[in-house]
Amino acid sequence: MPALAELGAEPGAEPGTKPATEALLRRGPVARSSWLVLGLSLVAVGFVGIFVPLLPTTDFMLLALPCFARSSPRLEAWLLGHPRFGPGLRAWRETGAVPRHAKVAACIGMTAGYGLFWLHVRPNMGLALAVAAGMLAAAIWIIRRPTPGISNEG
């Protein structure tokens, strides 16, 4: 990974200006520390999600990634290079791709969640339809995301 100084200035920037990434990292120690603490907290919750059913892990890792980008390039590189989480995080960062198994799990989880909502809350028809519409919109969005390794051209 090249040093930040080696990345060069943004296209069209004045000569001698710093790259946007370096400018982000040079916000100050308080901002960087805050991003670092938030990123580490999100990773901690994500690791708890490995052992606690229904607590997502990858979602918290996805949220931690930009925190590390603003605070610690080393931790960002560690997360992107992680054998378990790295491939999915890189696919999301590069193309917004979601693996097929994650799409299936998300749709099954939303369906089960809606069923539990229906049984336990016993909503009126308006609320039931509003929640169903929201979950259906989320499911359609997830399904329409690219799948890593599969060309969506055609």
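## Aromatic pairs

In this predicted model, a search of the whole structure finds four aromatic pairs. One of them joins tryptophan 92 and tryptophan 141: the ring centres are 6.1 Å apart and the planes stand at 65°, so the pair is edge-to-face. Tryptophan 92 belongs to helix H5 (residues 86–95) and tryptophan 141 to helix H7 (residues 125–144), so the pair ties together parts that are 49 residues apart in sequence. Tryptophan 92 is partly exposed, at 31% relative accessibility, and tryptophan 141 is partly exposed at 46%.

Tyrosine 114 and phenylalanine 117 form a tilted pair, with ring centres 5.8 Å apart and planes at 45°. Both residues lie in helix H6 (residues 100–121), three residues apart, which is about one turn of the helix. Phenylalanine 117 is buried, with a relative accessibility of 19%. Ring pairs join Tyr114, Phe117 and Trp118 in a cluster.

## A charge over a ring

Arginine 70 places its charged end over the ring of tryptophan 35, 5.0 Å from the ring centre.

## Nonpolar surface patch

Phe47, Val48, Ile50, Phe51, Val52 and Trp78 make a nonpolar surface patch of about 580 Å². Helix H2 (residues 29–51) gives the largest share of this patch, four residues. Phenylalanine 47 lies in helix H2 and is partly exposed, with a relative accessible area of 31%.

## Glutamate 76

Helix H4 (residues 73–81) contains glutamate 76. This glutamate 76 is buried, at a relative accessible area of 10%. Apart from neighbours within four places in sequence, glutamate 76 is in contact with Leu65, Phe68, Ala69 and Arg93.

Definitions and conventions. Residues are numbered from 1 along each chain as its sequence is written. This is a predicted model: local features need pLDDT of at least 70, side-chain atom pairs count only at pLDDT 80 or more; totals for chains, interfaces and linings use all residues. Side-chain values use heavy atoms; hydrogens and water are left out. Helices (H or I, at least four residues) and strands (E, at least two) are DSSP runs, numbered from the N terminus. Buried means under 20% relative accessible area, exposed over 50%, partly exposed in between (1.4 Å probe, protein chains only). Contact means heavy atoms within 4.5 Å. Patches are made of residues with over 30% relative accessible area and no salt bridge: like charges are joined within 9 Å, nonpolar side chains (Val, Leu, Ile, Met, Phe, Trp, Tyr) within 5 Å. Accessible areas come from the Shrake-Rupley method with a 1.4 Å probe; for residues, only the protein chains shown count as cover. A salt bridge is a side-chain nitrogen of Lys or Arg within 4 Å of a carboxyl oxygen of Asp or Glu. Rings of Phe, Tyr and Trp (its six-membered ring) pair if their centres lie within 6.5 Å; planes under 30 degrees apart count as stacked, over 60 as edge-to-face and the rest as tilted. A charge sits over a ring if NZ of Lys or CZ of Arg is within 6 Å of the ring centre and within 35 degrees of the ring normal.
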